[in-house]
Amino acid sequence: MSIDTSTDSDRSFDGPDDDVGSDAAEDFVQRHPGVVKLARVGWAAKGVVYVLTGLLALTIAADGGNSDQSGGSSGQADPSGAVATIAQQPFGQLIMWVVAAGLFLYAAWRIVTVLLPADVDGHSVLRRIGYSVSAATYILLGVTAVSLAAKPGSSGSSDGGSSQDSQVTKVTQSVMEWPAGRWLVGLGGLVVIGIAIYFGYKAYSASFEKEIEHRRIGPFSWHAVRIMGRVGWVGRSAMMALIGVFVTRAAINFDPDEARGLDDSLRRVADDTLGMVLVLVVALGLTLYGAFCVITSPARKVVATDEDTVAS
């Protein structure tokens, strides 16, 4: 049994979120410090993608959603479009390899989180599922980055059909052809809306704080970083809600073309004042969330799925 030798002053310096709830999580960090450091690079790479996604969403607000992005994923306000935009910059090929490595490292971080010992309860199981989906998503995004790095000037797909918009529509159309497919699509839309509500709760509760060491955020005050994180999670919540609403509408209207990814969803609501406000909320939120990921990447902790097992 380990003996807690920390003093009250130590605890007041570290803050309550530095308490370690699991010997297994702590042991993993001590035995694999290099893995944790590399995984933090993954957080920074994820942040870069989100910053660019948010900036691309701002261009939709600037032109009122009228620009035509049908020619491919490049320039689209979604993660794939952000990656393609990076590839088009000077030294884009080299940057793509770095971004791809970072995204794979972030996916590995999430896989490690899933595998860490934790209490087996409903909450933990849901978090494991969420982290598994996150890992798969960023592996696919990393593959897109590798494709762009290996073939400079390509859009990641020979037919330009790799955008999030086309993927969402194709998947929706395929599922609707299944028995009870319309109901499954509707359920999927409601699940996405449920995720949006959860993201909103994270923004309200600032529960993301427990994943960060307060004393290691560089020149930024913790208050500023906390606000940045909250606004970022609001943006992610609005993004998921928007996508979920369009997927649900596709089921209600039995029309797979109603289901859209982030880029087209933003363009479809940007033609009125309320919709433009929503576009700006998503754009600002995603940009700040990306900056939040980059800034806090050196201070990220390993957090097990029951949220009580934290190690730095």
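Is Trp43 buried or exposed? Select Trp43 to begin: the residue is buried, with a relative accessible area of 2% (buried means under 20% relative accessible area, exposed over 50%, partly exposed in between, with a 1.4 Å probe and protein chains only). The model is predicted, so local features need pLDDT of at least 70 and side-chain atom pairs count only at pLDDT 80 or more, while totals for chains, interfaces and linings use all residues. Residues are numbered from 1 along each chain as its sequence is written, and side-chain values use heavy atoms, with hydrogens and water left out.

**Aromatic pairs**

The structure contains nine aromatic pairs (rings of Phe, Tyr and Trp, the last by its six-membered ring, pair if their centres lie within 6.5 Å; planes under 30 degrees apart count as stacked, over 60 as edge-to-face and the rest as tilted).

Next, select Tyr106 and Tyr138. Their ring centres are 4.9 Å apart and their planes stand at 75°, so the pair is edge-to-face. Tyr106 belongs to helix H5 and Tyr138 to helix H6 (residues 122–150), 32 residues apart. Tyr106 is buried at 1% relative accessible area, and Tyr138 is buried at 8%.

Then display the cluster that ring pairs form from Tyr50, Tyr198, Phe199, Phe208, Trp233, Tyr289 and Phe292.

**Charges over rings**

Return to Trp43 and show Arg300, whose charged end sits over the Trp43 ring, 3.6 Å from its centre (NZ of Lys or CZ of Arg must be within 6 Å of the ring centre and within 35 degrees of the ring normal). At Tyr289, Arg236 lies over the face of the ring, 4.7 Å from the ring centre.

**Helices H8 and H9**

Finally, select helix H8 (residues 181–205) and helix H9 (residues 222–253), which pack at an angle of about 165° with their axes 7 Å apart (axes are lines fitted to C-alpha atoms, for helices over the stretch in contact, and angles run from 0 to 180 degrees between N-to-C directions). The residues of this contact divide into 18 nonpolar, eight polar and four charged (Ala, Val, Leu, Ile, Met, Phe, Trp, Tyr, Cys and Pro count as nonpolar, Asp, Glu, Lys and Arg as charged, and the others, Gly among them, as polar).

Definitions and conventions: Helices (H or I, at least four residues) and strands (E, at least two) are DSSP runs, numbered from the N terminus.
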